[in-house]
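Biologist: I'd like to learn how to read salt bridges, cores and helix faces from a model. Can we go through one together?

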Amino acid sequence: MVLLVVDTQKLITNDKLYMFDRFEENVIKLIKAARENFVEVMFVRHDDGVGEALTKGTEGFEIYGGFKPLCSEKIFDKTANSAFYQTGLLEYLKSIECKDIMVVGLQTDYCIDATVKCGFEHSFKMIVPEYCNSTFDNDFMSAEKSYKYYNEFIWKDRYADCVSIETALEMMKVRMK
């Protein structure tokens, strides 16, 4: 198993996210547990390109301080919604014979959705812990509705195992046995 932390960049990781405090607390718990149980933690950053707010080389592009990667942890940069699209992530996961991906991060209705579905299509067991992804209100749905729509309806029992934070933490401990 690996823990994949998607797009938790400074520009968009803030208290305007749905259930931000719970999201932040849970992701910190999972990163800590992964490191303690020798589960590889890897990060993904989104680059919207030159002239955009979320651009490589800007402060907002960097990973949020509360989730800061260790020097030894891999970071994959992407330019599309899926963490798998032209990033080298798929090739790396195959090289280490990874079967299970626990995915956390931003945004539920964009990059997390694309990553969960692409991971499923590449035959990975996708695991989505509760309140470990989040998003903002949009013109069509509130952030809460978007979160519930994907986590409780779209992914659950189709594309991913949607589990409690307690179950996710236990899954990491089991990997050590």
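Biologist: Which residue forms a salt bridge with Arg35?

Modeller: Some ground rules before that: this is a predicted model, where local features need pLDDT of at least 70, side-chain atom pairs count only at pLDDT 80 or more, and totals for chains, interfaces and linings use all residues. Residues are numbered from 1 along each chain as its sequence is written, and side-chain values use heavy atoms, with hydrogens and water left out. A salt bridge is a side-chain nitrogen of Lys or Arg within 4 Å of a carboxyl oxygen of Asp or Glu. Here the partner of Arg35 is Glu73, with the closest N and O atoms 2.7 Å apart. Glu73 sits in the loop between β2 and β3 and Arg35 in helix α1, so the pair ties together parts 38 residues apart in sequence. (Helices, H or I of at least four residues, and strands, E of at least two, are DSSP runs numbered from the N terminus.)

Biologist: Is Glu73 buried or exposed?

Modeller: Buried means under 20% relative accessible area, exposed over 50%, partly exposed in between, using a 1.4 Å probe and protein chains only. Glu73 is buried at 11%, while Arg35 is partly exposed at 28%.

Biologist: How many salt bridges does a search of the whole structure find?

Modeller: The search turns up 12. One of them joins the side chains of Lys78 and Asp7, at 2.9 Å from N to O. Lys78 belongs to strand β3 and Asp7 to the loop between β1 and α1, so this bridge ties together parts 71 residues apart in sequence. Lys78 is buried, with a relative accessible area of 1%, and Asp7 is buried too, at 2%.

Biologist: Which residues are linked with Arg45 in a network of salt bridges?

Modeller: Lys56, Glu62 and Asp77. Arg45 lies in strand β2 and counts as buried, at 12% relative accessibility.

Biologist: Now cores. Which residues touch the most other members of the largest nonpolar core?

Modeller: Think of a nonpolar core as a set of buried Ala, Val, Leu, Ile, Met, Phe, Trp, Tyr and Cys residues joined through side-chain atoms within 4.5 Å. In this one, of 30 residues, they are Leu3, Leu30, Phe67, Met102 and Met172. Helix α1 gives the most to this core, with 7 residues.

Biologist: And helix faces: which residues of α5 are buried?

Modeller: In general, an α-helix has 3.6 residues a turn, so residues three or four places apart point the same way. In α5 the buried ones are Ile165, Ala168, Leu169, Met171 and Met172. Down the axis of α5 they fall within an arc of 155° (taken from the directions from the helix axis to the C-beta atoms), so they line one face of the helix.
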